[in-house]
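Reader: I'm new to this one, could you walk me through it?
Author: Gladly, and here it is to look at while we talk.

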Amino acid sequence: MSKPPPKPAKPGQVKVYRAMFNFDPRTPDELYFEEGDILYISDSTDSNWWKGTCRGKTGLIPSNYVAEHAETIDNPMHEAAKRGNLCWLRECVENKVGINGLDKAGNTALYWGCHGGHKDVVELLLSQPNVELDQQNKLGDTVLHAACWKGYSDIVQMLLAKNPRTDIRNNENKLAIEMATNPMCASLLKKKQGGNITRTQSNAEEYLDDEDSD
């Protein structure tokens, strides 16, 4: 059964595809690409020729080619962040792929960078204007919850420098500090919150003591 043709990308909304075949241009304004290449389609208002970028070059791509011989990549930034693939992530940023897009679980690319402990990925995403720090996924977790839970204190530090909210509770009613699996993460958050040891924070410390006694 053939797949329905992809919805056209509106100008300003980049769609990303992976080429399944090679394409040899016949005119200078057409874009050469090979099987496996990533295509960034920036304008598909013309029904025959779409404007796209591949390997840093911009040109025209036959629309029927993309509809029939390309695989849609719905969340390229998430894929790049998950794998720690900085080159691909940088390419997504340069081609204006939306930085705060959500995957099916409600995660941003930054969430996956923090979850995977990919410092360079997190650094690149945090350097982008308007990157969203307080987005909650379907479990209610933010990027800070992810970094604390995974115990990446260096990433927690990078996030805190951007002033995310530290008072967001997830669906289990837990703050990021209560998810901390190492004392360093908890102490960074405590410092950020002004050193007031609230009931929640002392709970977090008890929890950490339990963890240490294993």
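Predicted model: local features only at pLDDT ≥ 70, side-chain atom pairs only at ≥ 80, totals over all residues.

Reader: Okay, let's start with helices: at what angle do the axes of α5 and α7 cross?
Author: The axes of α5, which covers residues 119-126, and α7 cross at roughly 5 degrees and come within 10 Å. Angles under 35 degrees count as roughly parallel, and α5 and α7 are therefore roughly parallel to each other.

Reader: And which residues make that contact?
Author: On the α5 side the contact is made by K119, V122, E123 and L126, while α7 brings D154, I155, M158 and L159. Sorted by class, the contact of α5 with α7 has 5 nonpolar and 3 charged residues, with no polar ones.

Reader: Switching topic, how many cavities of 30 Å³ or more are there?
Author: A search of the whole structure finds 1 cavity of that size, and the volume of the largest cavity is about 40 Å³.

Reader: What lines the largest cavity?
Author: Its lining is formed by G106, N107, T108 and Y111, together with Q135, Q136, N137, D141, T142 and V143. By class, the lining of the largest cavity divides into 7 polar, 2 nonpolar and 1 charged residues.

Reader: Then how much space lies in the largest pocket?
Author: The largest pocket holds about 320 Å³ of space. There are 17 residues in the lining of this pocket, and V14, K15, I73, D74 and P76 are the ones that lie nearest its centre.

Reader: Which element gives the most to that lining?
Author: That is α2, which gives 3 residues to the lining of the largest pocket. Both β1 (15-19) and α2 (76-83) supply at least two residues each, and the whole lining of the largest pocket divides into 7 nonpolar, 7 polar and 3 charged residues.

Reader: One more topic, where is N163, and what about its phi?
Author: N163 lies in the loop between α7 (153-160) and α8 (176-179), and its phi is near 55 degrees, a positive value in a residue other than glycine.

Reader: Is N163 buried or exposed?
Author: N163 has a relative accessible area of 53%, and because exposed means over 50%, N163 is exposed.

Reader: And what about N173, where is that found?
Author: N173 is found in the loop between α7 and α8, and although N173 is not a glycine, it has a positive phi of about 65 degrees. With a relative accessibility of 48%, N173 counts as partly exposed.

Conventions
Residues numbered from 1 in each chain as written. Heavy atoms only, no water. Helix = DSSP H or I, 4+ residues; strand = E, 2+ residues; numbered from the N terminus. Buried < 20%, exposed > 50% of the residue type's maximum accessible area, 1.4 Å probe, protein only. Axes fitted to C-alpha atoms, helices over the stretch in contact; angles between N-to-C directions. Parallel < 35°, antiparallel > 145°, perpendicular 65-115°, else oblique. Contact = heavy atoms within 4.5 Å. Nonpolar A, V, L, I, M, F, W, Y, C, P; charged D, E, K, R; others polar. 1 Å grid on protein atoms, 1.4 Å probe; cavity = no way out; pocket = protein on both sides within 12 Å on 5 of 7 lines; lining within 4 Å. Points joined across faces, edges and corners; volume = space filled by probe spheres on them.
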